[in-house]
Structures are given as structure tokens and as C-alpha cells.
Amino acid sequence: MRTTTVVIGAGHAGLAMSQCLSERSIDHVVLERGEVANSWKTERWDSLRLLTPNWQSRLPGHTYEGDEPDGFRSMPETIDFIERYAEVISAPVQSHTRVTSVRRNGEGYKIETDQGNWHCRTVVIATGACNVPSVPAVAEALPAAIEQVTPDRYRNPGQLEEGGVLVVGASATGTQIAHEVHRSGRPVTLAVGEHIRAPRVYRGRDIKWWMDAAGVLDQRYDEVDDIVRARNVPSLQLAGSPERRMVDLNSLTGMGVKLIGRMAHVHNGKAQFSGSLPNQCMLSDLKMNRLLDSIDEWATESGLDDKVEPPHRFEPTEVEASPPLEMDLSNGAIRTVIWATGFRPDYSWLEVPVLDHKGCIRHDGGAAVSPGMYLIGMPFLRRRKSSLIDGAGDDARDLSCHLASYLNWSSAAALS
Amino acid sequence: MATTTDQVDNGVNVEALLGAREALTDQPEGAKFQWRATCKWIYGTQSQSTIKGFYGLGSEQEHKTEFTFDADHPEIFASEDKGATPVEMVLAGLASCLTAGVASVAQRREIQLKSVSATLEAGMDIQGILGIDSDVRNGFDGIKVTYHIDADATPDEIKAIVAQSQKRSAVYDVVTNPTNVTVEVA
């Protein structure tokens, strides 16, 4: 089978790209291993809601028209939203088609799938940043009696044994899971490494409203000081709860969750934790205050000071004077370890030499180093918002423009 | 606050460090260093450590001069006190590492330092090393570092420099995280 462009992955990013390609009349197909919004259907926990408000899930050809712009979509609502988007834009999705290899073929690419092969001139990789849980090597040293759960397999506290739970990682996933697991009566210890604290609501407005309005989310990849660092910062400690709850470390310790340093080592059934907890919290508090400073500055410049609540600062993160450095994992106190330690993409099917030594695709703002190959839906791909649903539109517009120029250029080169 | 790099001089060549960072990103082998020390027993609890060579950037390297460090224990330990106690040298190592980081981060952030001093305190219950109580650990029960920094910056900017210095410090990592240690008799 032949087409001009193969888009791999029918999540929000692949669909946004499909819409932009359709607008340019570029012949394409969207290959999806499962169904539209597959990861949302199969790899998310029950209570999860989007971390961005409803109004913020703007996609090319779609804006929110419901009556709850500040609400947060549940998983069924998110799935429904993405499925309906695929219908509205009439995306040429071929579902239940797993890509098994992508390789260079003449001027284009050959895509092998379990439903036949495709030849195309350009390929868009929209498979997402969160394919495989990143579990640290120390996991192998845990006692066999400890149940280990990754967030893509976690559904709700009821699936866990009664007893203590060690949640490793304190970004958006770890803090939300720690909250509901502790509330279920399973005492949680939270191992805290680098994390980014953020209030859900500041001066009466959602933090995402501020970041959007003040242009923080539009900051471009070629404007930031250290893009490698920017692409690797952890997710903000946010939750999308109807009550707009702030799930920072203080709220967790307030309900009885114990904080402990970054998990460093497991030896003879004992886990050891870093003594760096106070500094991790200090770094995070300072970073949050810098964000709030920039919001206050922007609010004043924009003449908003009388229209929103006055500026304030949150209490510093409280850390006990000498947090424990060691935990016995063989005495039965901890029954489950949940690895909220992030995800990485899976490119095991990609047979084009574009990966760097860390296994990431080398690219310039989404244009991969292999001509005609594009990447979308990754952290800070082109803008700070690139990993958000709301970021896919601008990135798809830019990259479809680049892709169209590439097609014109390579056609002209072939004729000359 | 100063606004350009040529106005700020903490004596750290940030351009060279950033250049090394870029070069070593593409050549990770060159980033593999090995640090070395030798130590010779003198008499009693006194010893002398010597530091000269190390390995890095793909080849053997040497300090411009050889450095020696005398260590001993105080007289109340029935020693002759001919040098600093080894645990005090650990504190010195941590302080120097963090302070080098403060200068580097401040330079990178274009903040002029006027003075930087640190005080380190580490508690220890010597029932551990004397074998009185096996529940007491040999090492520190904690380390407290207090910085006094005068710089052209806000209090939060200064706190951020100190926090970032800890984040990038090798000795801070060594003392806050476990490290496998193998000691052999050749």
C-alpha cells in the first residue's frame, strides 16, 4: 500500500497532525495499534482526570463548548472527547494495526505492520512519551514478597493488598496515587526525589490559566536556556480533582503520609534512601516561588491586579528534622511498591538510526534528523505546552508546514 | 543585580565548563574520571595521604603539584593530634565542594559574590566507634551546613544558588547516598 504520509498513533497528537495534513490535502493514513485513544483506555487509573481544565484541550478544528470550562475530564470523558474528535475530522484511522518496523526505503520509508506494509515519503511518529514505565534497577533487588506495581497497571487502591505502600516518585502520578492509596487505609510512605510543586489555584485562577495567559506555555524550544534540561523536568505536582485540591507534599503529610528521600539502593531486604530530601523540597519551593513571581509581575503589567485576588505565598514544604534513611522491606510493614518513576518511549520497531545514546529520537523541534521523519506529542518538542493536548495543535500546524515544504522540495529535487 | 557576564567575576570560567559539557555529551567516554589517593601510616593514629594523579578525558592526568594531608586524632583520644580527624576532612571536602558549586552557579547566573563562608557541624555518638553500643552507627547522625553569603542578589536567589550547588555536588552525593566500598589487601 502507498500513501504520502503515515502517522503512527491515533492519540490526540496523531489526530491533530491528521487534521493539519487533511487541511493541506496531503494523502495519509493514521495507524493505531489498538483503538483511538488507546493508552487512555488501557493504561490509566480509574480516578484519574486530566490535569488541564476543559477549556484548555483545544485541537485544530475543535474548541470546548460545554458548560464546565474549568472542570477536569475524567478518563471516560477524555476517551469520548478524543474519539469524537477523530470522527469530526474524519481521520483516516486504521485501528488494530501494530507497526512492527519502520525503515528507510529510497527517498521514503517502508512501514511494516501486522496488517500489511506501507510505503510512504514521510512518517510522523505520534506514539507518545509514555510507552514503557521507567523502573529503576533497584527494583530487581526488592524482596520477592513485595508486590510491585507500575502506574500503567494501577487501577485503584482495591487491587493492592492491605498494609503499607511505598510510592516511589512524587510528581503528578506519585502524589495522586499516594493520596488515594493512603486514604484507602493503606499507610503510604512517599520517596521524594526531584519534583515540581505547583498550586492548582493561585489568586483565584487555575495555574494553567496563568501559565497560558502569561505565555509561559508558549515559550519555544529555541528560546530556552537548556532545552535538554527543559525536556526532562518532571511533571508539575497537580491533580485534576473537582474540588481543585492542591496535592503538594504538605497536604500529603497533613493526612499522615510519611516522606522519605529518593530511593537509592536495596541491600539484604533493606531499602536505603538519600539524605537529600530537604534540598529537593527547597529546590521545589524556590522554583514554585519563581513561577509565582513571574505570574505576579505579568498580572501587574497586564493591569489585572484589581481583577484577581492579591498575591500570596504558600508555606514552605515541611520536612521532619531527620527523615529515616533506611527501611526494612522484609518485615511485612510494606506490602506494595508503586513505581511512579516516569515513563519512556518505546522505539524498538524503529530501524532508522536516529536515536541518541539515551534512546531518544534526535530532532530539531520535531523534525527528526532523518529527512521526512517527524515527531509529535513529546515534552517541550517545540513549546513548553507540547506534551499537553493543548500543545498538539500549534506543533501539528508548524510540523505539517515543514512536512509540506519537504514534499515540495524533494519532488522538485527528483525532477531536476 | 549585574546584567552582563563581563561585569560579574567570581573567577569561574563558565564558558570552559559549558564547552566541556557540550563536548562530553557527544563523547561520554571522556567523562569517565577516576580519583585517587594514597595513604601511608606514620605512627599511632597518624597517617599521611598523598594526592597527585587522576584519570579523565581519556588519559592519565596530574595535579600541578603533589598535595599531602596529615590526619590524626585529638589528644582526648589519647592521640598526638598531628593532623585533622578524618571525619573533619570529610566535612572539609563537603564544604569545599559545595562552595566551588556556589561560585560556579553564581557565575552562570551572573551574580557577583562578595563573600561566601560556610560553617559545618556534624554530630556523632562515639559509642558506635568505641563498640559500646552496636545500635549506634559509627558515622555522623547528620550534617548541618550554614552559609553566610554576601552577593548582588535577593535572598531567594542566594538560596537558589546554594540549593543548585547541592544538586550538582559530588561530595554531597557521596555523603547523602550509599556507595559500594570494597577494601582489599593486596
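The points below cover a helix, some aromatic rings, a salt-bridge network and a surface patch.

1. **Ground rules.** This is a predicted model, in which local features need pLDDT of at least 70 and side-chain atom pairs count only at pLDDT 80 or more, while totals for chains, interfaces and linings use all residues. Residues are numbered from 1 along each chain as its sequence is written, chains are lettered from A and ligands numbered from 1 in the order in which they are written, and side-chain values use heavy atoms, with hydrogens and water left out.

2. **Helix α4 of chain A.** Helices here are DSSP runs of H or I with at least four residues, strands are runs of E with at least two, and both are numbered from the N terminus. The twelve residues of α4(A), 172–183, should span 16 Å at 1.5 Å a residue, and the 17 Å between its end C-alpha atoms agrees. That expected span is 1.5 Å times one less than the number of residues. Just after this helix, A:Gly185 has a positive phi of about 95°.

3. **How enclosed is α4(A)?** Ten of its twelve residues are buried, so the helix is largely enclosed by the rest of the structure. Buried means under 20% relative accessible area, exposed means over 50%, and partly exposed is in between (1.4 Å probe, protein chains only). Among the buried residues are A:Gln176, A:His179, A:Glu180 and A:His182. Their cover, counted by contact (heavy atoms within 4.5 Å), includes β10 (164–168), β11 (188–192) and α7 (249–254) of chain A.

4. **Aromatic rings.** Rings of Phe, Tyr and Trp (its six-membered ring) pair if their centres lie within 6.5 Å; planes under 30 degrees apart are stacked, over 60 edge-to-face, and the rest tilted. The whole structure holds ten such pairs over all chains. One of them, A:Tyr202 with A:Trp210, is tilted, at 6.3 Å centre to centre and 55° between the planes. A:Tyr202 is buried at 0% relative accessibility, and A:Trp210 is buried at 0% too. Another pair, A:Tyr347 with A:Trp349, is edge-to-face at 6.1 Å and 75°. Do look at the cluster formed by A:Tyr202, A:Trp209, A:Trp210 and A:Trp298.

5. A:Asp305 bridges to A:Arg203, with the closest N and O atoms 2.9 Å apart. A:Arg203 is buried at 3%, whereas A:Asp305 is partly exposed at 31%. A:Arg313 meets A:Asp293 at 2.7 Å, N to O, and A:Asp296 at 2.8 Å. A:Asp296 lies in helix α8 and A:Arg313 in the loop between α8 and β19, so this pair ties together parts that are 17 residues apart in sequence. Shared partners join A:Arg203, A:Asp293, A:Asp296, A:Asp305 and A:Arg313 into one network.

6. **Which residues make the nonpolar patch on chain B?** B:Ile76, B:Phe77, B:Ile126, B:Ile129, B:Leu130 and B:Ile132 form a surface patch of about 620 Å². Patch residues have over 30% relative accessible area and no salt bridge; like charges are joined within 9 Å, and nonpolar side chains (Val, Leu, Ile, Met, Phe, Trp, Tyr) within 5 Å. Areas come from the Shrake-Rupley method with a 1.4 Å probe, and for residues only the protein chains shown count as cover. B:Phe77 is in the loop between β3 (59–71) and α2 (86–108) of chain B and counts as partly exposed at 37% relative accessibility.

Terms used: Salt bridge = Lys/Arg side-chain N within 4 Å of Asp/Glu carboxyl O.
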